[in-house]
Amino acid sequence: MCGIVGYIGSKSAVDILLDGLTNLEYRGYDSAGVAVNIDGQVELYKAEGKLQNLKDIVEAKKAHIEKSTIGIGHIRWATHGAPTTVNAHPHSCNCGKVAVVHNGIIENYKELRERLEKQGCVFRSQTDTETVAHLVASKYAQTKDLTEAVRLATQEIEGAYALCVIHQDVKDTIVATRRNAPLLVGIGENEYYIASDVPAIIQYTKKAMYLDDNQIVTLTPTSMKYIDENKNPLEPKVEILPWEPVALSKMGYKHFMLKEIHEQPDVVRNVLSGKLRAIDEAITLNEVTLDKDNLKNLNRIQVVACGTSLHAAMVGKYIIEQLCGIAVDVEPASEFIYRRTITDKNTLVIGVSQSGETADTITAVRQAKALGSHILIVTNRPDSTMAREADSLVPVNAGIEVSVAATKSYMAQVISFYLLALYMAEVKESAAKEDIQKLKHELIILPQKIEKVLSHKEDIQICARKFSGAKDFIFIARGINFPTALEGALKLKEISYINATGYTAGELKHGPIAMLDESMPVLSILMKGGVYEKILSNSEEAKARNARMIALTNSEDQKLKDLFENIMYVPEIDEMLSPALAIVPLQLLAYYIAEFLGKDVDQPRNLAKSVTVE
């Protein structure tokens, strides 16, 4: 979750850059850096660790640096390469004339690096971003045009990126572009700002323009040139930023739901920030106040939730039982409150709600609290009613979610359950150290895998168009991905109004198989692991009844191509963590089907974001 800032105008750039980075420090604190053009020389200042380390360096040379009126800055969450000064952004080419800051993942950086090294480029860092600096430099040598150099370079880049570039020989110009990563331009009087998020610039301007994928903006103190990837000029769409600009702007996306799906890599990073620091360090949950002795004595956990939060809780059940060996019951809050509440001081009751205002869940946790249970709340709103009822709190930090259909908040809840389960397992010493470290590692690299799914949506769009005419839809899975099937079906049902249902794959032949014919799509979630062969067998049973088969898988098993009409692939991932990755294509599938059908994606009929009545 890296943060980018840029400035060009008549003011001292470095103060604006550091202010912007201060407001983006929540996006990462592994390292920070700025690049400024001073008297025709690009100068880089970088520091490992907290932003204050960079501020100290800049302060020592302030009289020299503050002369610059153009610069770019970066705050880093390390992905490629350790969090060291040499790996900190900005990155430069061999001649030192180009400086680049980047948010995202360059998927083909190894191939690009190998080619550039053969051409004589010498790499200093282990990052994927440095390839962009060398690539832009080589293109500029050919074209002598920075905008064209960036345009040509991005045509060779695969993956997700927001880029901001300056060049020593073009001292009054910044070029920026993006693909699958947020970037906006703030507009002032004879000055411009660039940022990956509004907080970086909101104190300087309320006027901004959001870049769409593959669009390129070239800024000078007095001009803004805006083109697409084919050099066609574009008309800027300037917005007035509201007080909650991140939440209330689509940031170039057609719908809030699509925007929020694409925010999920950063949401994961944000949830992990400060809680999972390294695989060999214990999980930190500062607001979980359950006494460790009582935690060790727990003999039961009850989880109450509604809708999408209920599905996140079901994933949590699998994780906690596997890692902690404690029995976990998950129940809709609307059912829990109308039967005898059986709980005690040795039962942990977890309430899950995006808004923290879900009436049924509030009632449920109050009933349990009255009988002496410790109440732990997982919510996106730490200022909510449920949070105030809590003895312990796990805030999911997903940010404001505008679309009624929950996407990024579901992801945040699921990741929070992983953290909670790991925390409990470490306290109870109930899981092998190597298993815990493996899962921590998978969590740390999960955002990159989600970004890869978001960068390759073609198979999902093809599948969505093909099956958008279906009247019914079945999702099947087993084990830890049964909740994924339920959530995938719910997303499709909510926004497309297709009668979609999730089943455990083994139950298909105990009744639902009667519904199968040549008009019924069946989507099988086939993640490699202990139940893979069983789900494959269940899929073959459905195929034998002429169902139209779709697979969501991380397997490259060739026999799948004979069995399934369409296949949606996700990157390799451990089965235990697979629900957090498998849900993303299902969210996109639901979104694209609803869009093809012309539905109101963000505000589906009969639904509200927060259900405050029972």
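Biologist: Which residue of β17 does Val-304 stand opposite?

Modeller: Gly-351 in β17 is what stands opposite Val-304. This is a predicted model, where local features need pLDDT of at least 70 and side-chain atom pairs count only at pLDDT 80 or more, while totals for chains, interfaces and linings use all residues. Residues are numbered from 1 along each chain as its sequence is written, and side-chain values use heavy atoms, with hydrogens and water left out.

Biologist: What joins strand β15 to strand β17?

Modeller: There are 5 bridges between β15 (residues 300–305) and β17 (residues 347–353), and the two run parallel. Two strands pair if DSSP finds at least two bridges between them, so β15 and β17 qualify.

Biologist: What is the order of the strands in the open sheet?

Modeller: The order is β16-β15-β17-β18-β19, 5 strands with parallel pairing.

Biologist: Why do β16 and β19 stand at the edges?

Modeller: β16 (328–332) and β19 (392–395) each have a single partner strand, so one side of each is left without a neighbour in the sheet. On average, neighbouring strands here are turned by 20° against each other, direction ignored.

Biologist: Which strands does helix α11 touch as it packs on the sheet?

Modeller: Helix α11 (residues 307–324) touches β15, β16 and β17, and its direction makes about 175° with that of β16. Contact means heavy atoms within 4.5 Å. α15 packs on the sheet as well, touching β15, β17, β18 (374–379) and β19, at about 160° to β17.

Biologist: What angle do helix α9 and helix α15 make where they pack?

Modeller: About 35°, with the axes 9 Å apart; α9 covers residues 264–272 and α15 residues 408–428. The axes are lines fitted to C-alpha atoms, for helices over the stretch in contact, and angles run from 0 to 180 degrees between N-to-C directions. From α9, the contact uses Gln-264, Val-267, Val-268, Val-271 and Leu-272. From α15 come Lys-408, Met-411, Ala-412, Ile-415, Ser-416 and Leu-419.

Biologist: How many residues of each class are in the contact of α9 with α15?

Modeller: By class, 8 are nonpolar, 2 polar and 1 charged. Ala, Val, Leu, Ile, Met, Phe, Trp, Tyr, Cys and Pro count as nonpolar, Asp, Glu, Lys and Arg as charged, and the others, Gly among them, as polar.

Biologist: What makes helix α6 mostly covered?

Modeller: In α6 (residues 146–155), 8 of the 10 residues are buried. Among them are Leu-146, Val-150 and Arg-151. The buried residues of α6 pack against α5 (130–143), β7 (159–167), β8 (170–179), β12 (216–220) and β13 (223–227).

Biologist: Which residue caps the N-terminal end of α6?

Modeller: Asp-145 does, with a side-chain oxygen 3.0 Å from the backbone nitrogen of Thr-147.

Biologist: Which residues point one way from β1 and which the other way?

Modeller: Gly-3, Val-5 and Tyr-7 point one way, Ile-4, Gly-6 and Ile-8 the other, and all are buried. In a regular strand the side chains alternate between the two faces of the sheet. β1 (residues 3–8) pairs with β4 (residues 70–76) in the antiparallel sense over 6 bridges, and Ile-4 has His-74 as its bridge partner. Another 4 bridges join β1 to β10 (residues 192–195), also antiparallel, where Tyr-7 stands opposite Tyr-193.

Biologist: What phi does Asp-39 have?

Modeller: A positive one of about 55°, although Asp-39 is not a glycine. Asp-39 lies in the loop between β2 (31–38) and β3 (41–48), and at 68% relative accessibility Asp-39 counts as exposed. Lys-231, also not a glycine, has phi near 75°. Lys-231 is in the loop between β13 and β14 (238–240), and at 46% Lys-231 counts as partly exposed.

Biologist: Where is the peptide bond with omega near 0°?

Modeller: From His-89 to Pro-90, and that bond is cis. Pro-90 is found in the loop between β4 and β5 (91–92).

Key: Buried < 20%, exposed > 50% of the residue type's maximum accessible area, 1.4 Å probe, protein only. Polar contact = N/O pair within 3.5 Å; in protein donor to acceptor, adjacent residues only side chain to side chain.
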